[in-house]
Amino acid sequence: MLTILLLASFVDAKAQRQLTEEEKAQYKQRIEDVVNDFNGRVSEIWRRPNKVESQNMEKFRAAKEVEINAALKLFIGDGKPYVEEVIVERWNGYEYVESIEKVNHRAVVMETSSVNNSKITKQTIESYLRKAAKAVGSRIEVSACDAYFASDLKEVSPGRYEATVAFVQDFFRYDQEGRKVYADRTTKTIRVYLTKQRRSGEEVFIVELGDIRVVETVRI
């Protein structure tokens, strides 16, 4: 009887309800909104202070810190190394037994590039954002087009979906006279996770961002 109950539990876990196509469409819109939110915050983090803001740099830096923390919360593990609990099945010689194991993951990685150097640089997303906030010099503008799906949402395990989203980012740097001295356009992809979690007694799907990769960088 115990074996039958364990088997029934195993089958039930494997038969969790999948997202319908309508639900997928709704979550895909949510995912695009999250990616666009991140890109909007990146633009603000790169922005240099105007004349008024320059008179109170402490306040300006505090506002940048708010943007950085909000951007990091969009990423899995809040942009830091994290531990994930996964269900594994192991054969003990008599039957398959499920257990929960903890898996350590590195922090999310952000790739950056330049038309002046073919090398692609990798760093944590937190490192990238903090360097952008501390960058000195004249005006910098960073903008991105609306995100779009490069691959469809796919279920990779019960209650967990993944997809790849792409966007195009423009980067401009100006000198003290307001002349453009550098400009590039980079196509990037970002891994996105849609994971079922229980919050306030309800099961909901949470959108979390992952690694950002460079596809191509061209001069504009």
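Student: Which residues lie nearest the centre of the second largest pocket?
Tutor: Keep in mind that this is a predicted model. Trp46, Thr112, Ser113, Ser114 and Phe171 lie nearest the centre, out of 18 lining residues.
Student: Which elements give two or more residues to that lining?
Tutor: Strands β3 (109–114), β4 (117–124), β8 (160–174) and β9 (180–199), plus helix α5 (125–134).
Student: And how many nonpolar, polar and charged residues are in the lining?
Tutor: There are 5 nonpolar, 8 polar and 5 charged residues. The space in this pocket is about 400 Å³.
Student: New topic. How many aromatic pairs are there in the whole structure?
Tutor: The search finds 7. In one of them, the rings of Trp46 and Phe171 have centres 5.2 Å apart and planes at 85°, so they are edge-to-face.
Student: Where do Trp46 and Phe171 sit in the chain?
Tutor: Trp46 is in helix α2 (residues 21–46) and Phe171 is in strand β8. The pair links distant parts of the chain, 125 residues apart.
Student: Is Phe171 buried or exposed?
Tutor: Buried, because its relative accessibility is 12%. Phe171 also pairs with Tyr182: the ring centres are 6.1 Å apart and the planes at 70°, so this pair is edge-to-face.
Student: Which residues do ring pairs link into a cluster?
Tutor: Trp46, Tyr128, Phe171 and Tyr182.
Student: What lies over the face of Tyr174?
Tutor: Arg139, at 3.8 Å from the ring centre. Lys28 lies over the face of Phe149, at 4.9 Å from the ring centre.

Technical notes
Residues are numbered from 1 along each chain as its sequence is written. This is a predicted model: local features need pLDDT of at least 70, side-chain atom pairs count only at pLDDT 80 or more; totals for chains, interfaces and linings use all residues. Side-chain values use heavy atoms; hydrogens and water are left out. On a 1 Å grid over the protein atoms alone, a cavity is a set of points where a 1.4 Å probe fits but cannot get out, and a pocket is an open set with protein on both sides within 12 Å along at least five of seven lines; lining residues have an atom within 4 Å of a point. Grid points are joined across faces, edges and corners, and a volume is the space filled by probe spheres set on the points. Helices (H or I, at least four residues) and strands (E, at least two) are DSSP runs, numbered from the N terminus. Ala, Val, Leu, Ile, Met, Phe, Trp, Tyr, Cys and Pro count as nonpolar, Asp, Glu, Lys and Arg as charged, and the others, Gly among them, as polar. Rings of Phe, Tyr and Trp (its six-membered ring) pair if their centres lie within 6.5 Å; planes under 30 degrees apart count as stacked, over 60 as edge-to-face and the rest as tilted. Buried means under 20% relative accessible area, exposed over 50%, partly exposed in between (1.4 Å probe, protein chains only). A charge sits over a ring if NZ of Lys or CZ of Arg is within 6 Å of the ring centre and within 35 degrees of the ring normal.
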